[in-house]
Amino acid sequence: MKKLALAAVAAATMISTPAFADTTVIYANVPLVCNVDGPESNGGVNLNGTTALGDITAQCNNAAGFTFSITSLNGFKLKDQDNGANATTYAYSLAIAGVPGSFTSNQSFNSNALGANAALITPQSAAVSVTTSGPTGAAYAGTYQDTITWTISAN
């Protein structure tokens with residue numbers, strides 16, 4: 001009987017003893033990275049043909065993709081910097097390897113347009129070239145210039 005009473009007390013103690021629990025949350029944080037590094041100024045382009053400008057490198061690790069923009073200060077024209085109001089301009093097109101088509105005006109495109117190439121979780125580089133169908137004869141003396149701005153932002 002003593003054993004039975006002890007067992008009953010032990011059982012009652014287990015039932016009435018509160019249980020304690022704790023949780024631990026573990027996580028990792030990957031910061032958003034969206035940046036672009038355009039080709040350096042190359043020192044000159046061919047006014048009648050194609051010139052390689054170098055590589056552009058871009059990265060954007062946003063799961064929803066990104067929007068990429070190309071803008072030109074002079075509307076995709078090399079503008080004579082030396083002759084003011086009488087400045088001659090030469091239109092050009094810009095091509096980025098792996099991106100369909102070429103650019104002849106300020107444009108933005110969503111990463112979906114690139115299909116399988118849209119994964120920029122790590123930096124990706126592509127060759128950039130400019131094609132100018134410039135003067136058919138002699139060109140006026142001067143410095144012909146444009147400034148291109150490359151922008152990438154998370155969607």
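## The disulfide

Two cysteine sulfur atoms within 2.5 Å of each other count as a disulfide. In this predicted model, that rule picks out one disulfide. The bond runs between C34 and C60, with an S to S distance of 1.8 Å. C34 sits in strand β1 (residues 34–37) and C60 in strand β2, so the link ties together parts that are 26 residues apart in sequence.

## Overall layout

Walk along the sequence and you get α-β-β-β-β-β-β-β-β-β. Take the contacts between residues at least 6 apart in sequence: 77% of them join residues at least 24 apart.

Of the 155 residues, 26% are buried.

In soluble globular proteins, nonpolar side chains tend to be buried together. Here, the largest nonpolar core has 24 residues, and F68, I70, L94, I96, F103 and W150 are the ones with the most contacts inside it. At least two core residues come from each of β2 (48–60), β3 (66–72), β5 (89–96), β7 (120–133) and β9 (148–154).

Leaving out residues up to four places away in sequence, I96 touches I56, F68, I70, F103, A126, A127, V128 and W150.

Terms used. Residues are numbered from 1 along each chain as its sequence is written. This is a predicted model: local features need pLDDT of at least 70, side-chain atom pairs count only at pLDDT 80 or more; totals for chains, interfaces and linings use all residues. Side-chain values use heavy atoms; hydrogens and water are left out. A nonpolar core is a set of buried Ala, Val, Leu, Ile, Met, Phe, Trp, Tyr and Cys residues joined through side-chain atoms within 4.5 Å. Buried means under 20% relative accessible area, exposed over 50%, partly exposed in between (1.4 Å probe, protein chains only). Helices (H or I, at least four residues) and strands (E, at least two) are DSSP runs, numbered from the N terminus. Contact means heavy atoms within 4.5 Å.
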